[in-house]
Amino acid sequence: MVADVTVVGTGIIALSAALELADRGLSVRLVGTTHSGNASAAAGGMLAPSISPETGSAHDFAVASRDRYPGYVAALVERSGRRIPMNEAGTIELAFEESERTLFQLSNDRSAVWLSSGEIGLEEPGIAACLGGLLHPLDGAVEPLALLDALSVAVASHEEINTAREDCRELHVSELGCNVLTDMESRFASDQVVLAAGAWAPLITGSGPCVAAVQPMRGQMLAFESDAVRHVTCGAGGYLIPRSGGIIVAGGTMEHAGFEVETTADGLESIRSRAIALCPALAEAPIHSHWAGLRPVTPDLLPIIGADPERPRLIYACGHSRNGILLAPLTAEVVADLATGVTPRHDLSRFRPGRH
């Protein structure tokens, strides 16, 4: 079978792109296997563009993707039959120093509300004493494993998607078409290829110089058995994400460790210390689990989205850094636009392939 599009990858960007392409009537072949440390499965799941330092079109893109999430999740729940828990209570960004309170006044989130220390105490009694905080009511979080499960079910049941659980080894792209070669010696032909292989994209022969700057960055995570907070809470160099079932996920590390996905004692202790600084009650909370993932990081922490400047049949959807979950719905839309010859309605100039 010669597909219209081959999508290379198995994470949320690849799955969401494959589904969107197929929903537009294209035949899709999804190629890849899940690697240990896959960023999508390991992610915290924050949907919080309001706490990002990004401005301009990159910020606007992230906000637009966040705003799609309620409808995106509802549609996935309906078509998959799976439950996808979301936290829509908002995100609280805490100020522990006067300089932070001043900085928050420059927030580009027009919906944000400043909460005094007393108001923070009423909203989150377990939070450490602080000067106050900025509530971003439209931000929140989604549970990544549930999201991936629902996407996988929707992809598997789509009649326009065929899946090959083989690792892509080489890409061959020319004016005549595209071929994907796998580690099992399979060759898959298509009119176009979408490269959405996360941190592993640069390891694929023929992926091109546009993704050479993508590097794996280890992020370690720690989960507590606790319901001490109900908002996604950020500050003191860390963050807390409440999940269903009485779990709070904490994280914050960014480490150059190659493709090493083991957690470390120092990394976990650093996360635990920052979590306790935000919520002292966590000092007594049992540890539920810990893990690490490999973020596909670019030098400017922005994704690479668009067609290869020399090989337009190759479309990149790589390097989403810490925001793969957040940006997935809108990335899928614009990738499908590019594959079908539709001009995207969003400014992609900050994500231009070849900018690094």
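Mentor: Strands β15 (residues 238-243) and β16 (residues 247-251) pair in the antiparallel sense over 5 bridges. The model is predicted, so local features need pLDDT of at least 70 and side-chain atom pairs pLDDT 80 or more, while totals for chains, interfaces and linings use all residues. Residues are numbered from 1 along each chain as its sequence is written, and side-chain values use heavy atoms, leaving out hydrogens and water.

Trainee: Why are β15 and β16 said to pair?

Mentor: Two strands pair if DSSP finds at least two bridges between them. β15 and β16 have 5 bridges, and therefore they pair. The strands themselves are DSSP runs of E with at least two residues, and helices are runs of H or I with at least four, numbered from the N terminus.

Trainee: How do you know which strands pair with β5, and in what sense?

Mentor: β5 (residues 91-95) is joined by 5 bridges to β7 (residues 132-136), and the two run antiparallel. Here the bridge partner of Thr91 is His136. With β14 (residues 232-235), β5 pairs in the parallel sense over 3 bridges, and Glu93 has Cys234 as its bridge partner.

Trainee: Why is β5 called mostly covered?

Mentor: A residue is buried under 20% relative accessible area, exposed over 50% and partly exposed in between, with a 1.4 Å probe and protein chains only. In β5, 5 of its 5 residues are buried, so the description applies. Thr91, Glu93 and Ala95 are buried on one side, and Ile92 and Leu94 on the other, so both faces are covered.

Trainee: What makes α8 a kinked helix, and how much of α8 is buried?

Mentor: The bend at a residue is the angle between axes fitted to the seven residues ending there and the seven starting there. For α8 (residues 324-339), a kink of about 40 degrees is centred on Leu330. By the burial cut-off, 15 of the 16 residues of α8 are buried, so α8 too is mostly covered. Just after α8, Gly341 takes a positive phi of about 80 degrees.
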